[in-house]
Amino acid sequence: MGIQGLSKLIQDVAPGAVKESEIKTHFGRKVAIDASMSLYQFLIAVRSEGAQLTSVDGETTSHLMGTFYRTIRLVEAGIKPVYVFDGKPPTLKSGELDKRKERREEAEKALKVAEDAGDLEQIDKFNRRLVKVTSTHNQECKELLKLMGIPFITAPCEAEAQCAALVKDGKVYATATEDMDALTFGSTVLLRHLTFSEARKMPVQEFHFQKVLDGLELNREEFIDLCILLGCDYCDSIRGIGPKRAIDLIKQHRNIETILKNIDTEKYAVPENWLYKEARQLFVNPEVADPTTIELKWTDPDEEGLVKYLCGDKAFSEDRVRSGAKKLLKARSTTTQGRLDSFFKVIPSENNTQKRKSEDNKKGPAKKVAKKGGTPYRGKPK
């Protein structure tokens, strides 16, 4: 679920924090991809076009097809992807997982009604709601990525939190996911639509965390409390408080504790035994693998291994798999140099800023000319 309404709130209140670009803009950058979100997109996209792609045994292969070809396109665009898979869900997420289970059960019942009525639109709608990324999907994609030479990580807990840790440590440039809670975990850059921007003809949305804070006029602690008010995966939210009211309350009172002392609890229903403090701590100090111990390594694809894995029972075309492997190899050889900004980073210093201001003043129309020995004096000769 991520954070409800956060993307729109940022675009409305802090539009300068969001930049739209083409995928090629990110040439040479390393990007951590939320694997489960990516696989879910592939399963949903194929199902919306009809039946799932399957192996000769009837097992779904849509996740493999999507991962294989979309990853090739990312590498051809000069991006170095690393996929991050979810580990165990945090205890606090159990309530959200129970709600998802209930929604799935309701969708199954509604699907049966739609099938009996022959309502194709409703059948498609509830079929999409029943899509779920399983441990088998994840494991099969890990095997595929290994053969493609693409690194992957299994997080101890939430993938978005691990992605954010990699970004903050400088191992990668950004987190690629549709879930906005990557920002709540502190990812300095979030990329939305990266894995499907070309297929859907959509620009990549780039959110910069510091600009988000500046635009919303909040610090990180206040931003986390805002996200909890909006609605997150770890606790219920206060009924009746929408995005506009939430940002107004945070700006006025600066934290949830003070908000609770000042709002009308008759009008705004606060959840019983509200676990907002625990949710806050999970965002501040999530369970992640130490990024300094993680080595990311991209290698050449194993063409024969890919053919053996994807063809035959999984029913992939051998010609297309071999073509894909060759595209990967070619893209790797042409993008090894990377971006210049990955080697050089200009950091403005106070001395440089003062020097630049001084030079600008000298060049301006109102510059002062001092006399020294009857000759215009413009400073020490270089």
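At what angle do helix H10 and helix H13 pack, and how far apart are their axes? The close-ups below, taken from a predicted model, start with that pair and then move on to salt bridges.

**Figure 1. Helix H10 packs against helix H13.** Let's begin with the answer: H10 (residues 220-230) and H13 (residues 276-284) pack at about 125°, and their axes are 10 Å apart. The two helices are therefore oblique to each other, and their crossing is right-handed. On the H10 side, look for Arg220, Ile224, Asp225 and Ile228, which meet Tyr276, Ala279, Arg280, Phe283 and Val284 of H13. Sorted by class, this contact has six nonpolar and three charged residues, with no polar ones.

**Figure 2. Lys88 and Glu287 form a salt bridge.** Here the closest N and O atoms are 3.0 Å apart. Lys88 sits in the loop between strand S3 (80-85) and helix H4 (94-117), while Glu287 sits in the loop between H13 and helix H14 (303-310), so this pair ties together parts that are 199 residues apart in sequence.

**Figure 3. Glu158 pairs with Lys93 in a salt bridge.** The closest N and O atoms of this pair are 3.2 Å apart. Glu158 is in the loop between strand S4 (152-154) and helix H7 (159-168), and Lys93 is in the loop between S3 and H4, so parts that are 65 residues apart in sequence are tied together. Are these residues buried or exposed? Glu158 is buried, with a relative accessible area of 5%, and Lys93 is buried as well, at 9%.

**Figure 4. Arg192 meets Glu178 in a salt bridge.** The N to O distance between these side chains is 3.9 Å. You will find Arg192 in strand S6 (residues 189-192) and Glu178 in the loop between strand S5 (174-176) and helix H8 (181-184), so the pair ties together parts that are 14 residues apart in sequence. Arg192 is buried, with a relative accessible area of 15%, and Glu178 is also buried, with a value of 15%.

**Figure 5. Five residues are linked in a network of salt bridges: Glu303, Glu304, Glu318, Arg322 and Lys326.** As a reminder, side chains of opposite charge can pair when their charged atoms come close. In this view, Glu303, Glu304 and Glu318 join Arg322 and Lys326 in the network. To set these close-ups in context, a search of the whole structure finds 17 salt bridges.

Terms used:
Residues numbered from 1 in each chain as written. Predicted model: local features only at pLDDT ≥ 70, side-chain atom pairs only at ≥ 80, totals over all residues. Heavy atoms only, no water. Axes fitted to C-alpha atoms, helices over the stretch in contact; angles between N-to-C directions. Helix = DSSP H or I, 4+ residues; strand = E, 2+ residues; numbered from the N terminus. Parallel < 35°, antiparallel > 145°, perpendicular 65-115°, else oblique. Left-handed = near helix turned anticlockwise from the far one by under 90°. Contact = heavy atoms within 4.5 Å. Nonpolar A, V, L, I, M, F, W, Y, C, P; charged D, E, K, R; others polar. Salt bridge = Lys/Arg side-chain N within 4 Å of Asp/Glu carboxyl O. Buried < 20%, exposed > 50% of the residue type's maximum accessible area, 1.4 Å probe, protein only.
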